[in-house]
Amino acid sequence: MKNFEELGVSPEILKAIEEMGYVAPMPVQEEVIPYLLGENNDVVALAQTGTGKTAAFGLPIIQKVEVERTVPQSLILCPTRELCLQIAGDLHDYSKYIRGLKVLPVYGGSSIESQIRSLKKGVHIIVATPGRLLDLMERKTVSLATIRNVVMDEADEMLNMGFTDSINAILADVPEDRNTLLFSATMSPEIARISRKYLRNAKEITIGRKNEGANNVKHIVYTVHAKDKYAALKRIADYYPQIYGIIFCRTRKETQEIADKLMQDGYNADSLHGELSQVQRDAVMQKFRIRNIQILVATDVAARGLDVDDLTHVINYGLPDDTESYTHRSGRTGRAGKTGTSIAIINLREKGKMREIERIMGKKFEVGVMPTNKQICEKQLLKVIDDVEKVKVSEDEIADYMPAIYRKLEWLDKEDIIKRMVSIEFNRFLEYYRDREEIEIPSDSRIDRTSRDRDIRTRRDGDKGKNGRNAEAGFTRLFISLGKADSFFAHQLIDLVNKNTSRRVRIGRIDLMKSFSFFEVDEKQAQMVVKALNKAEFSGRKITVEVAGDENKSTRSSSGSGSRDLKSKKK
């Protein structure tokens with residue numbers, strides 16, 4: 001393995017990074033740095049977060065700056081304000097001994113006037129979020145005509161956040177003979193398209209395998225009934241008393257609900273989602289970074305740019321819709337050479353999605369065994385003992401109080417004192433779990449077989465418009481006025497049914513259309529489900545659920561203009 005000097009890093013930068021504790025290059029740095037120090041070298045680098053990416057592109061970019069020319073020479077695009085500030089801070093540290101080099105972070109949520117003033121004074125490297133940079137370009141307050149190097153960090157995240165048009169507009173304004181580096185955790189079709197369009201003969205550097213999670217992350221899955229998800233989450237958090245992690249939820253509402261429940265149950269937790277102001281977000285993230293918060297409950301979007309190296313766990317409160325999102329989530333633990341654990345809490349309906357994630361990542365999930373009441377209490381008891389052993393004793397300060405303490409406790413023997421001291425923290429877990437029923441673990445029952453059969457039929461039949469089918473024996477086929485265009489998918493349908501019905505409902509085949517869907521339920525429960533869901537809302541919108549018509553009606557409707565046509569024909 002080469003050292004940084006052998007990679008071609010200059011003495012000024014070497015001095016700065018050695019002071020920061022850099023010893024040997026990480027794999028991505030060893031691959032990327034020498035290549036970027038050359039000219040006309042475009043790179044697509046596939047690597048997870050926490051693998052040393054910032055130094056991989058930051059060191060060569062700083063080294064290539066002509067400090068005497070106070071014009072923008074390098075542009076780094078990233079998806080979030082937090083990541084923008086982090087990268088700019090790292091570049092400042094790397095360039096500590098290069099006099100006069102100026103790095104400017106440009107992002108939304110801060111005064112655009114102050115950023116304009118800084119640009120007028122002159123900068124060498126711009127670190128920007130696409131939206132704010134485009135705003136500055138439209139105001140004619142920044143010119144990209146002198147840019148020689150462009151870096152797109154977490155490019156897949158930028159595309160997922162809807163920045164494609166902004167990136168296209170920005171890159172159209174940058175000279176064509178630039179060097180371009182595209183960093184991504186996954187090689188999605190959109191990333192491949194951007195690479196073909198804007199990079200020339202790009203070298204592809206892959207740290208690990210494409211779309212693979214970090215090698216030092218263990219993936220565990222717990223399968224429970226949907227109604228038991230929070231109870232399972234609580235058990236897992238209690239079983240890992242030293243947990244320092246992020247729980248990912250799908251919606252803002254669910255995020256806040258789970259965070260509130262955890263805080264009510266005595267956990268040091270808080271939420272992070274899109275309804276918080278920037279000031280609130282910054283406060284929560286700062287508390288989490290300094291460990292004043294032990295568990296952060298967040299949506300995918302809100303957690304982007306949150307850079308913490310020491311997470312022990314990432315918990316998926318249900319699986320995301322796409323593998324890329326799971327890869328990003330799990331990649332937040334096991335960083336900087338450390339190990340981590342990614343846990344998924346799923347119900348039977350999500351098993352197909354789990355298998356797809358396993359297939360694309362090339363990794364198998366370890367099947368988790370739900371901790372028992374006794375195991376959890378034992379873990380918590382040992383934590384109390386560990387805390388006692390590690391507590392710092394201020395001998396001088398406490399000495400004056402010891403005689404009074406001895407007098408107060410003289411009627412207790414050593415064993416009694418230990419028992420009482422341990423019980424101060426331990427009692428709440430003992431009381432909670434003493435008579436609590438263990439969580440029922442669902443077996444691969446008819447529900448799972450139906451899901452598996454449905455996957456086989458879907459692959460076999462393809463998209464042939466077979467929406468007007470008859471229900472399976474013992475089931476009734478229902479229509480619901482929500483579809484993929486409403487961001488409505490199978491797991492959300494199941495959650496909708498579970499939250500609005502008082503007992504467990506047997507669900508069969510689910511057919512998701514663009515603007516409406518069909519699903520099957522036990523024929524004995526059909527009317528109850530129809531009545532319950534017609535009182536429900538989805539994302540603040542009233543929904544319609546009714547028994548689907550015969551095959552001809554359904555087929556005519558599916559070739560029409562969505563759910564409104566279907567309902568009018570039924571009337």
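User: Before we look around, what is a salt bridge here?
Analyst: A salt bridge is a side-chain nitrogen of Lys or Arg within 4 Å of a carboxyl oxygen of Asp or Glu. In this predicted model, D135 and R139 make one, with 3.2 Å from N to O.

User: Are D135 and R139 buried or exposed, or in between?
Analyst: In between. D135 is partly exposed because its relative accessibility is 26%, and R139 is partly exposed too, at 42%.

User: OK, how many salt bridges are there in the whole structure?
Analyst: The search finds 21. One of them joins the side chains of K96 and E19, at 3.0 Å from N to O. That pair links distant parts of the chain, 77 residues apart: K96 is in the loop between α4 and β3 (103-106), while E19 belongs to helix α1 (residues 11-19).

User: And how open are those two?
Analyst: K96 has a relative accessible area of 52%, so it counts as exposed. E19 has 46%, so it is partly exposed.

User: What about D228, which residue does its side chain meet?
Analyst: K227, in a salt bridge of 3.2 Å, N to O. D228 counts as buried because its relative accessibility is 12%, whereas K227 is exposed at 58%.

User: Which residues are linked in a network of salt bridges?
Analyst: R477, R509, D511 and E520.

User: Switching topic: how many cavities of 30 Å³ or more turn up?
Analyst: The search of the whole structure gives 2.

User: Where is Y94, and is it buried or exposed?
Analyst: Y94 is in helix α4 (residues 81-94). Y94 and G58 are 36 residues apart in sequence, and their C-alpha atoms are 7.9 Å apart in space.

User: Last one: which residues form a nonpolar patch on the surface?
Analyst: V391, V393, I398, Y401, I405, L409 and I417, with about 580 Å² of accessible area together. V393 is in the loop between α16 (373-390) and α17 (395-399).

User: Why does V393 count as partly exposed?
Analyst: Because its relative accessibility is 49%, and exposed means over 50%.

Key
Residues numbered from 1 in each chain as written. Predicted model: local features only at pLDDT ≥ 70, side-chain atom pairs only at ≥ 80, totals over all residues. Heavy atoms only, no water. Patch = residues over 30% accessible without salt bridge, like charges linked within 9 Å, V, L, I, M, F, W, Y side chains within 5 Å. Areas by Shrake-Rupley, 256 points an atom, 1.4 Å probe, with all protein chains shown as cover. Helix = DSSP H or I, 4+ residues; strand = E, 2+ residues; numbered from the N terminus. Buried < 20%, exposed > 50% of the residue type's maximum accessible area, 1.4 Å probe, protein only. 1 Å grid on protein atoms, 1.4 Å probe; cavity = no way out; pocket = protein on both sides within 12 Å on 5 of 7 lines; lining within 4 Å. Points joined across faces, edges and corners; volume = space filled by probe spheres on them.
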